[in-house]
Structures are given as C-alpha cells and as structure tokens.
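Colleague: I would like to go through this model slowly and ask, for each label, what it rests on. Could you show it first?

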Amino acid sequence: MTVSEAPAAGYRPAATLPIRAEIRRQAGRRRTQLALGFMVLLPLIILIAFEFGGGDDDNNGGGAFSSLNDLATSGGLNFALFSIFVSASFLLVVVVALFCGDTVASEASWGSLRYLLAIPVPRARLLGVKLIVALGYSLTALLTLATTALLVGTLRYGWHPLGSTVSAEIPAGEGVLRLLGILGYLAVVLLGVAGLAFLLSVVTDAALGAVGGAVLLWILSSILDQITALGSIRNFLPTHYSDAWLGLLSTPMQTDDVVKGAISAICYATLFWSVAFYRFTRKDVTS
C-alpha cells in the first residue's frame with residue numbers, strides 16, 4: 001500500500017489516531033480487561049493460599065524461597081514483595097508480551113491495519129501511539145499488582161517493617177521507597193520484553209506468534225544464562241540482570257548490577273523498537 005505524497009488541505013498528521021482514542025480502544029478489548037483483572041485477582045489468590053495452605057507444615061523445604069514464603073505473612077510490604085517475586089520471572093513477562101505483541105499483529109489479522117493507514121495515519125505515528133499505549137497498560141498492570149498486594153497484605157497482616165533474607169529489617173517508610181525502586185527497575189527490565197514483542201508484532205500478522213515468540217525467546221535467554229560454560233557471554237543476555245533488584249533489599253543497597261541491568265534493557269529495547277519502526281515504515285501492508 002502506498003501513501004499519498006499530497007495530503008488534502010487541512011490534513012494534520014498529528015491529529016490522526018489520538019492517544020486517548022487508542023487507550024479507549026484497547027480498554028474495551030477482552031484481553032486488556034482479563035490481564036488487568038488477573039493482576040487484581042492474583043494477590044487475593046496468594047492470600048487465600050496462605051490462609052488455607054496449612055501453615056504448620058514444617059517439611060516443605062528450605063532455601064531462599066522458603067524464607068521469602070515465611071516473610072510474606074509478616075506485613076503488607078513483605079506480602080507485596082512476595083507477590084512481585086513470584087510474578088516477575090514469568091507472569092509479568094507474559095502480560096507485557098501480551099500488551100506489546102498483540103497491538104499491531106492483531107490489527108493485521110483482523111484486516112483493519114490497512115484501513116488505519118488509509119485514513120491516513122502516518123505509519124510512524126501509528127506505531128508510536130500503539131507503543132505508548134501498550135507500554136502504558138504494561139506499567140498499569142505492574143502497578144495494579146503491587147498496589148493490590150500492598151493493600152490486601154496490609155489489611156490482613158498489618159503495617160510492619162520490610163523484612164529481608166539478606167539484611168536486617170528495613171523501616172516501613174524506607175521499605176516503601178525500596179519497593180518503589182524495585183518496581184521502577186522491573187519496569188525498565190521489562191522494556192526488553194516489550195521491545196522484542198513489539199518487533200515480532202510488526203514482523204508477523206499472527207498475534208499469538210508475536211506474544212508466544214517473545215515469551216519463548218525470553219525463556220530461552222533465561223535458560224542460557226544458567227549455563228556457566230558460556231562465561232562472560234552471559235553478561236550480554238537480556239535476562240542476565242533480571243534479578244538484580246534483589247540487591248535493593250540489602251544493607252547497604254547493591255546497585256552496580258541494577259545500573260548494568262537498566263542500561264542493558266534500554267539498549268535492547270531501543271534496538272528492537274528501531275528495527276520495528278524501520279521494518280514497518282517500509283513494508284507492504286496488505287492486511
């Protein structure tokens with residue numbers, strides 16, 4: 001499909017496809033409602049599991065996960081931290097991939113993408129608006145999970161200092177700041193997932209392929225990161241610093257890997273988005 005080089009009088013590219021219109025369109029989609037709804041439901045499921053899971057079982061293993069499991073019921077901050085811990089490595093990856101991988105590919109699969117371009121909406125603006133809205137919903141999902149977990153955890157277990165398996169208790173006020181820092185770091189790390197899913201969404205017309213492909217490639221990176229034989233090559237994998245936020249719980253805070261992880265995620269996201277824009281502005285859109 002070719003774009004006319006002589007726009008009609010009064011045509012303003014910046015007025016096409018307003019961000020608020022795209023927000024409303026995505027808000028009305030069932031996958032958006034289900035994803036955000038599950039972010040609210042998950043902390044409730046975890047709370048119910050703790051309430052009816054049999055807290056007197058002393059033979060359920062040990063290790064760091066067990067320690068966090070014990071800390072989860074010692075206050076709202078700890079419950080929120082546990083909810084984030086169990087969600088960060090997979091669930092949040094799937095949600096971000098869903099919002100960013102489905103956005104363009106779904107339009108192509110429905111056959112509506114060419115009509116959007118025929119309005120005409122400039123291709124770069126179309127991608128920019130869809131990317132901004134997808135990132136906005138991804139951030140909303142992350143904040144919804146954390147806020148709900150903090151609320152229900154505080155109502156059930158009270159407001160207490162933030163516990164840690166690697167340091168002494170952290171006062172509640174400082175604990176809130178560290179929790180916000182963790183959320184900020186996760187939001188940056190997940191930009192890598194967002195960039196990969198968005199690129200696949202531009203390359204393919206199958207939304208499921210874009211979402212699933214991004215998740216599978218992220219899992220593959222996590223698996224490769226566990227292979228110590230790769231040596232320093234692992235430092236360049238997008239998932240290598242995905243757990244660096246745990247350093248924000250230590251005293252004093254360990255931020256070296258956090259900085260490296262943020263830089264890595266931003267570089268990967270920028271690369272993926274650049275390729276996506278380059279590819280989309282030059283492809284022949286027939287669907």
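This is a predicted model: local features need pLDDT of at least 70, side-chain atom pairs count only at pLDDT 80 or more; totals for chains, interfaces and linings use all residues.

Colleague: What makes a stretch of the chain a helix, and how many helices does the chain have?

Modeller: Helices (H or I, at least four residues) and strands (E, at least two) are DSSP runs, numbered from the N terminus. By that rule the chain has 11 helices and zero strands.

Colleague: Why are α1 and α8 called oblique to each other?

Modeller: Helix α1 (residues 19-27) and α8 pack at an angle of about 55°, with their axes 10 Å apart; the axes are lines fitted to C-alpha atoms, for helices over the stretch in contact, and angles run from 0 to 180 degrees between N-to-C directions. Angles under 35 degrees count as roughly parallel, over 145 as roughly antiparallel, 65 to 115 as roughly perpendicular and the rest as oblique, and α1 and α8 are therefore oblique to each other.

Colleague: What is the handedness of the crossing of α1 and α8?

Modeller: α1 passes α8 in a right-handed crossing. A crossing is left-handed if the near helix is turned anticlockwise from the far one by less than a right angle, and right-handed if clockwise.

Colleague: How do you know that α9 and α10 are also oblique to each other?

Modeller: The axes of helix α9 (residues 172-203) and α10 come within 8 Å and cross at roughly 135°, and by the ranges already given these two helices are therefore oblique to each other. The crossing of α9 and α10 is right-handed. Among the residues that make the contact are Val 189, Gly 192 and Val 193 of α9, and Ala 210, Gly 213 and Ala 214 of α10. This contact of α9 with α10 has nine nonpolar, three polar and no charged residues.

Colleague: At what angle do α5 and α10 pack?

Modeller: Helix α5 (residues 91-102) and α10 pack at an angle of about 140°, with their axes 8 Å apart, and α5 passes α10 in a right-handed crossing. The residues that meet include Val 93, Val 94 and Ala 97 of α5, with Ala 207, Ala 210 and Val 211 of α10.

Colleague: Why is the pair of Phe 50 and Phe 79 called edge-to-face?

Modeller: Rings of Phe, Tyr and Trp (its six-membered ring) pair if their centres lie within 6.5 Å, and planes under 30 degrees apart count as stacked, over 60 as edge-to-face and the rest as tilted. Phe 50 and Phe 79 are 6.3 Å centre to centre with 65° between the planes, which makes the aromatic pair edge-to-face. Since Phe 50 lies in helix α2 (residues 30-52) and Phe 79 in helix α4 (residues 76-88), the pair ties together parts that are 29 residues apart in sequence. Ring pairs link Phe 50, Phe 79, Phe 82 and Tyr 157 into a cluster.

Colleague: Is Phe 79 buried or exposed, and what about Phe 50?

Modeller: Buried means under 20% relative accessible area, exposed over 50%, partly exposed in between (1.4 Å probe, protein chains only). Phe 79, with a relative accessible area of 0%, is therefore buried, whereas Phe 50, at 21%, is partly exposed.

Colleague: And why does Gly 128 count as buried?

Modeller: Gly 128 lies in helix α8 (residues 123-157), and its relative accessibility is 18%, so Gly 128 counts as buried. The C-alpha atoms of Gly 128 and Trp 273, 145 residues apart along the chain, are separated by 9.8 Å. Of the 287 residues of the chain, 45% count as buried.

How values were computed:
Residues are numbered from 1 along each chain as its sequence is written. Side-chain values use heavy atoms; hydrogens and water are left out. Contact means heavy atoms within 4.5 Å. Ala, Val, Leu, Ile, Met, Phe, Trp, Tyr, Cys and Pro count as nonpolar, Asp, Glu, Lys and Arg as charged, and the others, Gly among them, as polar.
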